[in-house]
Structures are given as structure tokens and as C-alpha cells.
Amino acid sequence: MKTTILVVCLGNICRSPLAEGVLKSKLSPIKFRVDSAGTAGFHIGESPDYRSIKIAAKHGIDISLQKARAFKVEDFNIFDRIYVMDRNNLENIKLLAETQEEKNKVCLILENEEVPDPYYGDENDFKKVFDLLNNACNKIKSDLISSFRAP
Ligand code: 4NP
């Protein structure tokens with residue numbers, strides 16, 4: 001069975017589509033299912049922000065076909081791990097959790113650090129977000145691989 005990973009931001013148009021694309025580029029689709037969602041529904045059905053599409057494309061990653069969706073409580077049943085971008089996302093998702101097990105699935109994508117919202121920023125802010133997410137996804141990948149290692 002696949003390990004399932006959800007990445008979450010506020011709008012699901014800037015940060016989490018990038019995180020989804022970067023993580024998919026590093027993990028085998030045979031072993032992992034990766035998806036993204038937003039805590040808010042402002043942009044449901046929209047493509048990622050053009051600045052996220054652009055910085056991803058610069059690194060050979062196509063995220064242009066993604067469509068924004070909102071996080072839903074059923075996601076707690078579907079996903080093994082839920083990585084969020086900032087403390088607001090963390091609080092909002094944990095509020096929806098009904099059990100401690102569900103709460104335990106949720107953590108910041110960067111340990112003790114937030115991925116800043118670039119929506120009102122410029123292309124340089126999107127570059128910074130890409131670099132942060134690339135580091136975060138490398139760490140996720142190595143954590144996942146070590147968790148599969150035989151004891
Ligand atoms: P995201 O960025 O959470 O990284 O997708 C945002 C996108 C849209 C808005 C805020 C943040 N907004 O206010 O519409």
C-alpha cells in the first residue's frame with residue numbers, strides 16, 4: 001500500500017502546489033501518493049499562481065495542471081502524514097482533528113520554522129519559498145526512507 005502525504009497551505013495556489021510538485025519529483029509514484037490542499041476555499045478549482053508555476057518550471061517541475069481544493073476532514077482518513085506551511089495552518093487543521101491520532105499526523109513542513117506566505121510578495125519571495133520547500137522535501141524523503149529501513 002502507498003504511503004500517503006498531504007501538504008497544506010492557506011489558498012492551495014502558492015506554497016502547497018509547489019510542495020506537492022517538489023515532493024512528487026523526489027518520490028516514487030509507485031510507493032507514494034502526494035496531494036495538496038488549502039485551509040481556505042477562496043481559490044477552489046483554480047490553477048496554481050503563475051509565480052509558483054514559473055519557479056517550478058525553472059527547476060523542471062510542471063505544476064500547471066494542478067487545481068486548488070480545500071482540506072476536508074476525510075483527509076485525516078486518507079493521508080498518513082499532513083505537512084503544513086505555517087502555524088496558522090497547523091492550528092486550523094488541528095482544530096478539525098477529532099482524535100489524538102489525527103492530530104499526530106499534522107506537523108510543520110519545516111521543523112520549528114514557517115514557510116512564509118508569498119501571495120502579496122514578488123518573484124524573489126517565490127524563489128525563497130521554493131528553496132525552503134526543496135530543503136524540506138529532501139528532509140521528508142530521507143525521513144521516509146529511514147522509517148522504512150529494517151530495524
Ligand atoms: P498560499 O498563498 O496559502 O501559499 O496558497 C495564498 C494564496 C491566496 C491568498 C493567501 C495566501 N489569499 O488571500 O487569497
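Predicted model: local features only at pLDDT ≥ 70, side-chain atom pairs only at ≥ 80, totals over all residues.
A backbone N or O atom of Leu10 lies 2.9 Å from a ligand oxygen, and a backbone N or O atom of Asn12 is placed 3.3 Å from an oxygen atom of the ligand. From the side chain of His43, a polar atom lies 2.7 Å from an oxygen atom of the ligand.

Helix H4 spans residues 87–96, and its buried residues are Asn89, Leu90 and Ile93. These residues lie on the same side of H4, because the arc that they cover around the axis is only 100°. On the other side of the helix, Asn88, Glu91 and Leu95 are exposed. The cover over the buried residues of H4 includes strand E1 (3–9), helix H3 (75–78), strand E3 (81–84) and strand E4 (106–108). The N-terminal end of H4 is capped by Asp86, which has a side-chain oxygen 3.1 Å from the backbone nitrogen of Asn88.

Asp35 is located in strand E2, which comprises residues 32–38. Asp35 has a relative accessibility of 18% and therefore counts as buried, the limit for this class being under 20%. The side chain of Asp35 is joined to that of Arg69 by a polar contact of 3.1 Å. When neighbours within four places in sequence are left aside, the residues in contact with Asp35 are Ile5, Leu6, Val7, Glu20, Arg69 and Phe79.

Thr99 occupies the loop between H4 and helix H5 (100–104). With a relative accessible area of 36%, Thr99 is partly exposed. The side chain of Thr99 reaches the backbone nitrogen of Glu102 at 3.0 Å. Thr99 and Pro29 are 70 residues apart along the chain, and a distance of 29 Å separates their C-alpha atoms.

Definitions and conventions. Residues numbered from 1 in each chain as written. Heavy atoms only, no water. Polar contact = N/O pair within 3.5 Å; in protein donor to acceptor, adjacent residues only side chain to side chain. Buried < 20%, exposed > 50% of the residue type's maximum accessible area, 1.4 Å probe, protein only. Helix = DSSP H or I, 4+ residues; strand = E, 2+ residues; numbered from the N terminus. Arc of directions from axis to C-beta. Contact = heavy atoms within 4.5 Å.
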